[in-house]
Amino acid sequence: MKNYIPPIFITILVLCFFQCKGQTNSTNSNYTFQKGSFDGIGKFYKGREISHVMGYQGINWLERPEREKEENTSRLIKNMNIAPGDTIADIGAGSGYHVFKMVLQVSEGLIYAADIQPEMLQAIRDRKKKEGIDKIKVIKGTEKSVNLPENSVDKILMVDVYHEFSFPVEMLTSMYKALRPDGKIFLIEYRGEDATIPIKKLHKMTEAQAVKEFRANGFVLQENIDNLPWQHCMVFIKE
């Protein structure tokens with residue numbers, strides 16, 4: 001969900017600025033508040049400022065033709081080793097870009113497409129209906145919960161979205177409950193260690209920062225699959 005093409009970048013930043021104000025109200029001791037950057041909401045978790053959410057107005061950017069080349073999404077799907085019977089949740093599914101790729105591999109399973117924006121979810125419903133797909137279940141999440149049944153999913157995918165969560169602790173707690181005992185989280189984030197990647201700083205994460213946050217919420221890093229052009233593919237499991 002990153003914007004490095006100037007016209008799109010400017011448009012989405014403006015939209016996000018107005019959309020995300022008011023999300024920082026919290027008395028939770030997990031978070032600190034201070035004057036933030038233009039790209040952030042002034043709310044911090046373990047030293048990381050949380051970024052603005054990309055609004056549904058950026059949906060065309062999610063579906064851009066060059067995305068496969070830039071992110072090698074096909075390789076990402078292969079990294080997940082999807083089995084026909086898997087139940088997978090795409091958290092922050094957006095337009096469903098990855099959902100419609102994964103559903104082709106779950107002939108006996110199910111894909112949950114979860115997002116907090118009704119417009120994104122409607123786009124998924126429309127395409128699901130148009131293509132006659134019955135293995136996708138649309139889920140309206142909240143800022144604090146993925147709204148999935150307990151012990152219901154084998155794999156969770158988050159692509160360039162975790163850094164936008166206004167309540168990462170609460171979200172990770174809800175994912176922990178939804179994940180089966182041997183389940184995995186695939187965290188995809190642009191590599192914060194690489195300054196040459198043309199993505200805004202708050203839209204990247206380092207492996208060290210991700211490990212710090214996930215470990216605090218009951219997860220350990222199983223591996224970081226280093227085969228994507230610009231992104232980490234970090235695999236977390238329950239501790």
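**Entry 1: strands β1 and β2**

I started with how β1 meets β2 (residues 40-45) in this predicted model. The two strands run antiparallel, and I found three bridges joining them. I then picked T32 and looked up its bridge partner in β2, which is F44.

**Entry 2: the whole sheet**

Next I asked which strands make up the sheet, and in what order. The sheet is open and has three strands, ordered β1-β2-β3. Their pairing is antiparallel. I noted β1 (31-33) and β3 (48-51) as the edge strands, since each pairs on one side only.

Which helix lies across β1, β2 and β3? I found α7, residues 168-178. Helix α7 runs at about 160° to β1.

**Entry 3: the cores**

I turned to the nonpolar residues. In soluble globular proteins, nonpolar side chains tend to be buried together. Here the largest nonpolar core has 31 residues. I91, M158 and M175 have the most contacts inside this core. Several elements supply at least two residues each, among them β4 (87-91), β7 (153-159) and α8 (207-215). Helix α7 gives the largest share, five residues.

I also listed what I91 touches, leaving out residues up to four places away in sequence. The list includes A114, V146, L148, F165 and M171. M158 and M175 are on the list too.

Last, I looked up a second core. This one is separate and has 26 residues, including L121, I133, C233 and V235.

Conventions
Residues are numbered from 1 along each chain as its sequence is written. This is a predicted model: local features need pLDDT of at least 70, side-chain atom pairs count only at pLDDT 80 or more; totals for chains, interfaces and linings use all residues. Side-chain values use heavy atoms; hydrogens and water are left out. Two strands pair if DSSP finds at least two bridges between them. Helices (H or I, at least four residues) and strands (E, at least two) are DSSP runs, numbered from the N terminus. Contact means heavy atoms within 4.5 Å. Axes are lines fitted to C-alpha atoms, for helices over the stretch in contact, and angles run from 0 to 180 degrees between N-to-C directions. A nonpolar core is a set of buried Ala, Val, Leu, Ile, Met, Phe, Trp, Tyr and Cys residues joined through side-chain atoms within 4.5 Å. Buried means under 20% relative accessible area, exposed over 50%, partly exposed in between (1.4 Å probe, protein chains only).
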